[in-house]
Amino acid sequence: MSGISQDWEPVVIRKKAPTAAARKDEKAVNAARRAGAEIETVKKSNAGSNRAASSSTSLNTRKLDEDTENLSHEKVPTELKKAIMQARQDKKLTQAQLAQLINEKPQIIQEYESGKAIPNQQIISKLERALGAKLRGKK
């Protein structure tokens, strides 16, 4: 046995170093205090408060308050809603029947006739075809 010899040196196996979250753990901090290690505590700015979120919204709120522009979407003109109603009544159709003819919901016809709908050229052209009348003015 000339080339083989045993190594009797101790082998030390250690756990991984604790992660950042584990080092901040209350148990770990207390253990470090007991061991006499130096502990540094740093308070993060705005930690635990909602200040950052609320300050940015106040700027947007101020902009909205200062904005005097009237923002509203286009509505169905009075002439168009009267023309739809007149043409539908001339054909003796109900709103539901007209809606079925143009493959739309009855609510759509209701909105157009009450003037609440946002004008859609496709729907207006479907109505013109179904009613056999020109609803749109000269363009």
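Trainee: Leaving aside neighbours within four places in sequence, which residues is Glu-104 in contact with?
Mentor: Glu-104 is in contact with Ala-99, Ile-123 and Lys-126, where contact means heavy atoms within 4.5 Å. This is a predicted model, where local features need pLDDT of at least 70, side-chain atom pairs count only at pLDDT 80 or more, and totals for chains, interfaces and linings use all residues. Residues are numbered from 1 along each chain as its sequence is written, and side-chain values use heavy atoms, with hydrogens and water left out.

Trainee: How far apart are Glu-104 and Ile-123 in sequence and in space?
Mentor: They sit 19 residues apart in sequence, while their C-alpha atoms are 8.4 Å apart in space.

Trainee: Where is Glu-104, then? And what makes Glu-104 count as partly exposed?
Mentor: You'll find Glu-104 in the loop between α5 and α6. Its relative accessible area is 24%. Buried means under 20%, exposed means over 50%, and partly exposed lies in between (1.4 Å probe, protein chains only). So Glu-104 goes down as partly exposed.

Trainee: Now Glu-113. Why does Glu-113 count as buried?
Mentor: Glu-113 has 6% relative accessibility, so it counts as buried. Glu-113 belongs to helix α6, residues 106–114. Not counting residues up to four places away in sequence, Glu-113 touches Lys-81, Ile-84, Met-85, Arg-88 and Gln-95.

Trainee: How do you know that the buried residues of α6 line one face of the helix?
Mentor: The buried residues in α6 are Ile-109, Tyr-112 and Glu-113. Look down the axis of α6 and they fall within an arc of 95 degrees, so they line one face; the arc is that of the directions from the helix axis to the C-beta atoms.

Trainee: Which helices do the buried residues of α6 pack against?
Mentor: Against α4, α5 (95–101) and α7 (121–131).

Trainee: Why are α4 and α6 called oblique to each other?
Mentor: The axes of α4 (residues 78–90) and α6 come within 7 Å and cross at roughly 125 degrees. Axes are lines fitted to C-alpha atoms, for helices over the stretch in contact, with angles from 0 to 180 degrees between N-to-C directions. Under 35 degrees counts as roughly parallel, over 145 as roughly antiparallel, 65 to 115 as roughly perpendicular, and the rest as oblique. The pair is therefore oblique.

Trainee: Which residues of α4 and α6 meet there?
Mentor: On the α4 side, Lys-81, Ile-84, Met-85 and Arg-88; on the α6 side, Tyr-112, Glu-113 and Ser-114. They divide into three nonpolar, one polar and three charged.

Trainee: What makes Gln-86 partly exposed?
Mentor: Gln-86, in helix α4, has 44% relative accessibility, so it gets that label.

Trainee: How many helices and strands does the protein chain have?
Mentor: Seven helices and zero strands. Helices (H or I, at least four residues) and strands (E, at least two) are DSSP runs, numbered from the N terminus.

Trainee: What share of the protein chain is buried?
Mentor: Buried residues make up 17% of the 139 residues. Helix α2 (residues 26–35) is hardly covered: one of its ten residues is buried.

Trainee: Where is confidence lowest and highest in the protein chain?
Mentor: It's lowest in α3 (residues 51–66), with a mean of 64, and highest in α5, at 94. That number is pLDDT, the predictor's confidence in each residue, from 0 to 100. The chain averages 81, and 81% of the residues score at least 70. Where pLDDT is low, the predicted coordinates should not be read in detail.

Conventions
Ala, Val, Leu, Ile, Met, Phe, Trp, Tyr, Cys and Pro count as nonpolar, Asp, Glu, Lys and Arg as charged, and the others, Gly among them, as polar.
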